[in-house]
Amino acid sequence: MQQVVRPKVQVERTEAPKKRAVKLLMDLRPEAQKNRGPGPSKAMYRLTRIWKKTWVRRASLIVLPGILVVMAGWKLLNSPDLHAFIGKQRDAIIAVLAQRPEFAVNGYRIEGASAGLESRLTGMISVPGGASTMTFDVAALQADLADVAAVKDVSVALGPKGILHIDVIERVAEALWRDTDGALWLIDREGVVLDPTPVRADWPKLPVVIGEGAGEVVAQALSLFRSFPDLKPRLRAFVRVGERRWNVELDRGLTIMLPEQAPKAALARVMAWHYGDEVLDRGLVAVDMRLPDRPTLRMNGKAHEILRLRDAVDGAGEET
C-alpha cells in the first residue's frame, strides 16, 4: 500500500501550484468578475497580498525602472549620431576659442642645446601666424625634433603666455668612427652616429675607432683610452678585429693586439713593461697579447738587423 500511495502524494504536490495558477487566471476572467460577490475576488486578494511585500514594491518601483533607464542610457551613449553631434559641437567651440588672442602661440624657447644644434632645431620649428594653443600639435613637433640624431631626449610643452618650452638633452660626441669608405663620423658613447666631419684635426682630443661593429662597442674603446693617458700622444686608432677584439694602433707602425677577454688587463701589462724597460720604444711592430700566457714581441726590420749584427759581433769576439 505504501508503494501505491507515495506516487499519488507526489503527483498532488507537483500539480497543486499549477492548479492554483490556473484558478487565479480563471478568477481574472470578465465572466468571473461579473459573478463575484460584494467582496474582492480571490485573485485580487492574492495580488494585494503580493503587492504588500516590500521586496515586490521595491523591485517594481525602483529596480525595474532603474534597469530600463540604464539600458536606454547605454543605447543612447553608443549612438553614432550622438557622438557625431558632440564632436561637431566640440570642434565649433574650439574654433571660436582659437581665434581669441589670449590663446595665441607667441614664440618658443630652446634650452639645453649647443649653438649648432639650436640653429638646426630652429630651422625645423614652424609656428604659422595666428597659431593657437588650442590647435597647435605639440606631440607632432616633439616627434620631429626627437628624430634628430644629436638629440638624445626632448620635451615640448606650452607654457604661460603661449610660449613653447623646448628642453633638449643633447648627445655628446666622444669618438670618431671611420666607416668602410674612409669617411669620418662623430659618434657618442652609445655608438649613435651624429655628424660627418671631413677633417680629423678638428677633433684632436677624440679617439678614432675603425672596423665593422666598432661603433656598437665604442664604450669599451673609450674606457681603454681614458685608463691609459700616456698612450694618447701616440695613439692613432682603435681597430675592431672580427667584431671580437681590439688592436691599438700607435705611431711608428706599432700595433698592440689585445685579447677578446680582459683587454684592459692585457694593455695594463704592456704599459707596465713600457714603464720598466721602454718596450714600446725598442723598434717593435707588434705586441701580441692575444694569448696572455704567451705574449709575443715582433721587431721591425731595422731592429732585427741590429740584433743580428750584435749577435754576429758577440760570436766573433768569443772565437778570438
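A cavity here is a set of grid points where a 1.4 Å probe fits but cannot get out. The views below come from a predicted model.

View 1. Searching the whole structure for cavities of 30 Å³ or more gives one. The largest cavity holds about 40 Å³ of space. Two elements each give two or more residues to its lining: α8 (218-227) and β8 (235-241). Around the largest cavity you'll find Leu224, Phe225, Phe228, Leu231, Lys232, Leu235, Phe238, Val248 and Leu267. Sorted by class, that lining comes out as eight nonpolar residues, one charged residue and no polar ones.

**View 2. Asp188 and Arg171 pair up between two loops.** The closest N and O atoms of this salt bridge are 2.8 Å apart. Asp188 sits in the loop between β5 (184-187) and β6 (193-196), and Arg171 in the loop between β3 (163-170) and β4 (175-178), so the pair ties together parts that are 17 residues apart in sequence. How accessible is Asp188, as a percentage? Its relative accessibility is 4%, so Asp188 counts as buried. Arg171, at 15% relative accessibility, counts as buried too. Both residues also belong to a salt-bridge network that links Lys152, Arg171, Asp188 and Glu190.

**View 3. Arg189 meets Glu174 in a salt bridge.** Here the N to O distance is 3.5 Å. Arg189 is in the loop between β5 and β6 and Glu174 is in the loop between β3 and β4, so this pair ties together parts that are 15 residues apart in sequence. Is Glu174 buried or exposed? With a relative accessible area of 16%, Glu174 is buried, because buried means under 20%. Arg189, on the other hand, is partly exposed, with a relative accessible area of 38%.

View 4. Arg244 has a relative accessible area of 42% and is partly exposed. Glu260 is partly exposed as well, with a relative accessible area of 42%.

**View 5. The salt-bridge tally.** How many salt bridges are there? The count comes to 12.

Key:
Residues numbered from 1 in each chain as written. Predicted model: local features only at pLDDT ≥ 70, side-chain atom pairs only at ≥ 80, totals over all residues. Heavy atoms only, no water. 1 Å grid on protein atoms, 1.4 Å probe; cavity = no way out; pocket = protein on both sides within 12 Å on 5 of 7 lines; lining within 4 Å. Points joined across faces, edges and corners; volume = space filled by probe spheres on them. Helix = DSSP H or I, 4+ residues; strand = E, 2+ residues; numbered from the N terminus. Nonpolar A, V, L, I, M, F, W, Y, C, P; charged D, E, K, R; others polar. Salt bridge = Lys/Arg side-chain N within 4 Å of Asp/Glu carboxyl O. Buried < 20%, exposed > 50% of the residue type's maximum accessible area, 1.4 Å probe, protein only.
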